[in-house]
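Thanks for coming, everyone. I'll keep this short.

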Amino acid sequence: MKNSKIKKYIMNLTPLLGLAVLFAAFLILGTVQDINISYGLKSILSQSVVVAVVATGAIFIYTLGSFDISLGASTAVSALIGGIVYNKTESLLVMTLVCIGVAVLVGLFNSVLASVFNLPVFVTTIAMLSVLNALVLVLIKVNGTGSQIAVPAAAVRSLNNTTFKMVVLLIFVLLCIFVFSFTKIGRMQKFLGGNPVCAKLSGISEKKMAIIAFVMSGIGVGLGAFLSIVYAPTLTRNTASSVGMDVIIAIVFGGMPVSGGARSKIYAAVIGAFSMTLLSQIMVMFNLNSGIGQMVKAAIFILVVFLATSGQRGKMLPR
Amino acid sequence: MGKEVIVEVKHIDKRFGSTIALNDVSIEVRRGEIQGLIGENGSGKSTVTSIISGMQKADGGQMFYQGEKWEPLSMLWALEKGIGMIVQENGTVPGISVAENIFLGETGRFKVFGKEGKKWGTVNRKEMMKEAQHALDTIGASHIRAEQPTASLDMQDRKLVEIVKIMIKNPEVLIVDETTTALSQIGRDIIYKIMNRMKEENKAVIFISHDLDEIMNVCDSLTVLRDGKIIITFSKEEFDEEQIKTSMIGREMQGDYYRGDYDGSCGDEVVLEVKDANLGDQLKNFNLQIHKGEIVGVGGLSHCGMHTLGKVLFGACKPQSGSVLVRGRELKGEADAMKEQIGYAAKDRDVESLCLNASIRDNIAVGGLDRFAVHNFLVLPGKEKKYVQKQIDDLSVKCAEMNQYVSALSGGNKQKVVFGKWIGRGSEILILDCPTRGVDIGVKQAMYQLMYRMKKEGKSIVIISEEMAELIGMADRLIVMKDGEIKKEFPRSESLSESDMIQYMI
């Protein structure tokens, strides 16, 4: 086997190996500390699924070499509006569709705004973050008790199980893999992320692709909002508050190139989300408080980006 | 051959995966000489010079510089020690000024406060600009201003900035890797002047070019590489065009180099038309009709507007007034041009025509998605691979596999990928800006024959080029541009010469 190919395979497998190592560490620590491993795993899957779904959709944005900082806030707003709609209609289907619809609209607004003003999309997402955070407070104040909007727990109890959540995640991941790898759209997205100038001269519309990316991401955010309601039907200003940052970390953890392009991969989001939750769980097992845990996560994030880009820097430095 | 050897390469090997790039290569470079390196694309010329200049390391063998073992740590390190290389593709940073590019990593030289070598301190920008401008003026590139953003320069001027960046270090050995192909005659003259000055100062130059006439004129000796091996070294008195060509490609060249006929006839149908177009100083009341089955050659100096014309014809640049009509209908943009079967190979290949961080497969497939995607949507890997493999086979792209990154290909093979992207989708009108830049004679000949076949099939081609011989050799009709205008139009003729064209260019 050729050296370069082996190196390529190892590079591709590194995130998966990282997940395996974390999983092994969890099993060993769990056995040593005599905790219920099966229950622990279910809990990890439940915690990961929202980030995994949102991150999977967000891969489309990252592939373009851009990013969206407002994903967490968008998840919160979609969940809150979904909750309000459920309380009015008592229909889970309508609630789900509203969650997705709101998230897609937010994504569309971001991309269209960027296109009208000819701005990089991440700039509009920064503005959107402030707007959405304010909207969370307004929605809770106007439609809730002042501090929360509660969907009756009984309404979603039957859905709050690992199998259902995994099925939702699996369907969405398969949809994204299909669009990403087996359609023109996916090919164009990756090419655009790799070289926007050449993509334009190959007939690829940057604006159209950005809009599609934000729609796909919006579907992920909407499903994430729905799963957030299923997991914790009492919605507060803290709902999905850490999702935005967790999605960014998960995508990088999963081996997604920060610059996007041809090497982008959907599975990075899922691997990253599970790895991150496992890491958090392991830190809890070591009795590290959440503050220290966040710092460890941040340090690992920087380390992963450093390792992922060190090859590129090596190529650039001699020049 | 009594001159002192300054660089000695002994039994160098280099592999890229399964590809043997260099196999037991030994070269001697002497003081006071311009040593040429020639060979087909992928023969190993750039690999050997990149190893000498510290861009990459050899897998085996030894090198000596001024009699001492030479193991360069990086290009910067090598340049500091006296060996500098001007690379084939872009080597400047676009987001900073020309002066900052020239003194990249060395702005400490212009510190006002703080000690040199320490990171803190402030830079005297005025002084830096002054020195950069002086360096630009010295090589004859006064038209470039030191304070100008590098991104605002065209490819030729960026290349000149790169040359200044190397020359301010006053190297003992200068490596010029296919640089001249990116330059117009003015730019080429600047490089020739620099090379000759180095020769006079008893320094050495390694010169790589695919232009056989140029390399035979400029060099004192010429080493031919083929498939990673040294085939032969000719001294100046042994230079013979046919012999060099034969040793390069390993066989005698068969058939015509350019097209053999002087019949400039074509169809009556106007397939593409520029009408009263104005675009800054690049196009002024510009009118041009391209007919079915016609090869139109566009020549001129680098800034005459011909490269912009290429973009306008593809819909990538909209004229401020006037229009571009494709088969009588107004062209709306790049996607529209592709729908109308127009293809465009840009001059700046690595930036505008290829995605270097993607595979050969991705680059060829992106042009033909609407050809092989089921219902113009679904991409089936089997169909895609078949489509891409056909282009690779038809154009004989030298590669390990279709998933290989384009960045790992030689210049000529990159250009073949660009051709594959546009020919594969069945383009009826091809706009080719400097199509044979950095391409060896064997591939050039194949490309010319391909263009001629396409013409015979009723396809229309616009060749924009700084190589007049290429235009004269291939075009049915040749236009010479100057200051955004057509200065002269020549029909195809056996008697047309380069000097006929030059008088209208300058």
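How many residues of chain A are in contact with chain B, and how many of chain B with chain A? Chain A brings 23 residues, and chain B brings 32. Before I go on, please keep in mind that this is a predicted model.

Stay with the chain A side for a moment. The largest share comes from α8(A), with 4 residues. By class, this side of chain A has 8 nonpolar, 9 polar and 6 charged residues.

Now chain B. It holds 18 helices and 22 strands. Its C-alpha trace spans about 65 × 55 × 55 Å along the principal axes. What radius of gyration would a compact globule of 506 residues have? The answer is near 23 Å, and chain B has 23 Å, which agrees. Buried residues account for 50% of the 506 residues in chain B. Take the contacts in chain B between residues at least 6 apart in sequence: 68% of them join residues at least 24 apart.

Next, the domains. The assignment for chain B gives domain 1 as 33–57 + 71–93 + 154–249, and domain 2 as 96–148. Domain 3 is 268–341 + 428–506, and domain 4 is 355–427. Look at domains 1 and 4 of chain B. Their C-alpha centres lie 30 Å apart. Each gives 5 residues to the contact between them. On the domain 1 side, those residues divide into no nonpolar, 4 polar and 1 charged.

On to the sheets. Take the one that contains β3 of chain B. In what order do its strands run? The order is β6-β9-β10-β3-β11-β12, in chain B. That is 6 strands in an open sheet, with mixed pairing. β6 (83–86) and β12 (229–235) of chain B stand at the edges. Each has a single partner strand, so one side of each is left without a neighbour in the sheet. On average, neighbouring strands here are turned by 20° against each other, direction ignored.

Let's go through some pairs. β9 (173–177) and β10 (204–208) of chain B pair in the parallel sense, over 5 bridges. In that pair, L174(B) stands opposite V205(B). Helix α6 (185–200) of chain B packs on this sheet. The helix touches β3 (33–39), β9 and β10 of chain B, and its direction makes about 145° with that of β10(B).

β3(B) also runs parallel to β11 (221–226) of chain B, again over 5 bridges. There, L37(B) stands opposite T223(B) in β11(B).

β11(B) and β12(B) run antiparallel, joined by 6 bridges. S221(B) stands opposite S235(B) in β12(B). These two strands form a hairpin, with 2 residues between them.

Another sheet in chain B has the order β18-β19-β20-β15-β21-β22. It is an open sheet of 6 strands with mixed pairing. Which strands stand at the edges of this sheet? They are β18 (342–345) and β22 (485–491) of chain B. Each has a single partner strand, so one side of each lacks a neighbour in the sheet. Neighbouring strands are turned by 15° against each other on average, direction ignored. Inside this sheet, β19 (429–433) and β20 (460–464) of chain B pair in the parallel sense, over 5 bridges. The bridge partner of I431(B) in β20(B) is V462(B).

Last stop, backbone angles. Most residues other than glycine have a negative phi. Two residues in a chain B loop are worth a look. H375(B) is found between α13 (369–372) and α14 (381–394) of chain B. Its phi is positive, near 50°. N376(B) is placed in the loop between α13 and α14 of chain B, with a positive phi near 55°.

Are they buried or exposed? H375(B) counts as exposed because it has 6 C-beta neighbours inside 10 Å. N376(B) is exposed too, with 10 other C-beta atoms within 10 Å.

That's the tour. Over to you.

Notes: Residues numbered from 1 in each chain as written. Chains lettered and ligands numbered in written order. Predicted model: local features only at pLDDT ≥ 70, side-chain atom pairs only at ≥ 80, totals over all residues. Pairing = 2+ DSSP bridges. Axes fitted to C-alpha atoms, helices over the stretch in contact; angles between N-to-C directions. Contact = placed C-beta atoms within 7 Å. Rg over C-alpha atoms; globule rule 2.2 N^0.38 Å. Buried ≥ 20, exposed ≤ 12 C-beta atoms within 10 Å, placed from the backbone. Nonpolar A, V, L, I, M, F, W, Y, C, P; charged D, E, K, R; others polar. Domains from an automatic or database assignment.
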